[in-house]
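Please look at the sequence and the model below before reading on. The paragraphs that follow lead from the overall fold to its details.

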Amino acid sequence: MVFVLTNKKIDQFTRLGDVYFKGKPKKTTDKLLFFKGETYPQNFTEDELLKKFETNKVNINEFKGEFFIVYYEQKKKNLLLLNDRFGRETLYYYLKDKQFILSDDFWEIVNILKPAQEDIQVQALKEMAFF
């Protein structure tokens, strides 16, 4: 599953209020939930997770495993990110001048930004690749 969430208008993406997204989130009229990974001892479904967030019954101590959760409420303009302790499921972001892009795929962000070659920090890419 590749997902992208951004406040930058992108024609091929689906719009929800002020944000645009790509992927297959669990969605209501004003909420999005992206979930990747596994939780234990109970492996929550996206429906169960969405219900927990909607009813404010989220206890982050019950989330163990390898996962990330992205929850967005359009009416409140609230974005919540949860990741496992070790960051096994990677989440990348770009934030500059009130623009944000969030994705589980680094290259999705690069393709949206289309940076000039002189803006790419080759050493940083090498360090990321061999971490």
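This is a predicted model: local features need pLDDT of at least 70, side-chain atom pairs count only at pLDDT 80 or more; totals for chains, interfaces and linings use all residues.

**A guided reading of the model**

Strand 6 and strand 7 form a hairpin with four residues between them, and K77 in the turn has a positive phi of about 50°. Residues are numbered from 1 along each chain as its sequence is written, and side-chain values use heavy atoms, with hydrogens and water left out.

The protein has three helices and nine strands. Here helices (H or I, at least four residues) and strands (E, at least two) are DSSP runs, numbered from the N terminus. Along the sequence, these elements follow the pattern β-β-β-β-β-α-β-β-β-β-α-α. The C-alpha trace spans about 45 × 35 × 25 Å along its principal axes. Of the 131 residues, 34% count as buried; buried means under 20% relative accessible area, exposed over 50%, and partly exposed in between, with a 1.4 Å probe and protein chains only. Among contacts between residues at least 6 apart in sequence, 40% join residues at least 24 apart, a contact being heavy atoms within 4.5 Å.

Strand 6 (residues 64-73) and strand 7 (residues 78-83) run antiparallel and are joined by six bridges; two strands pair if DSSP finds at least two bridges between them. Within this pairing, E73 stands opposite N78 of strand 7. K77 lies in the loop between the two strands and is exposed, with a relative accessible area of 53%. Most residues other than glycine have a negative phi. Another residue with a positive phi that is not a glycine is D97, at about 50°. D97 is found in the loop between strand 8 and strand 9 (99-103), and at 70% relative accessibility it counts as exposed.

Which residues of helix 1 are buried? In this helix (residues 46-54), they are L49, L50, K52 and F53. They cover an arc of only 160° around the axis, which puts them on the same side of helix 1; the arc is that of the directions from the helix axis to the C-beta atoms. An α-helix has 3.6 residues a turn, so residues three or four places apart point the same way. What covers the buried residues of helix 1 includes strand 4 (26-27), strand 5 (31-40), strand 6 and strand 7. Just after helix 1, N56 takes a positive phi of about 55°.

Charged side chains come next. Side chains of opposite charge can pair when their charged atoms come close. The structure holds nine salt bridges, each defined as a side-chain nitrogen of Lys or Arg within 4 Å of a carboxyl oxygen of Asp or Glu. One of them joins K22 and E108, at 3.1 Å from N to O. This pair links distant parts of the chain, with K22 in strand 3 (residues 19-22) and E108 in helix 2 (residues 106-113), 86 residues apart. K22 counts as partly exposed at 32% relative accessibility, whereas E108 is buried at 16%.

E66 also forms a salt bridge, with R88, and their closest N and O atoms are 3.7 Å apart. That pair, too, links distant parts of the chain: E66 is in strand 6 and R88 in the loop between strand 7 and strand 8 (92-96), 22 residues apart. E66 counts as partly exposed at 41% relative accessibility, and R88 as exposed at 53%. K9 and D11 meet in a further salt bridge, at 2.8 Å from N to O. K9 is exposed, with a relative accessible area of 58%, and D11 is exposed as well, with 65%.

The largest pocket has a volume of about 470 Å³. On a 1 Å grid over the protein atoms alone, a pocket is an open set of points where a 1.4 Å probe fits, with protein on both sides within 12 Å along at least five of seven lines, and lining residues have an atom within 4 Å of a point. Grid points are joined across faces, edges and corners, and a volume is the space filled by probe spheres set on the points. The largest pocket is lined by 16 residues, of which F106, I109, V110, L113 and L125 lie nearest its centre. The elements that give two or more residues to this lining are strand 8, helix 2 and helix 3 (122-129). Helix 2 gives the most, with five residues.
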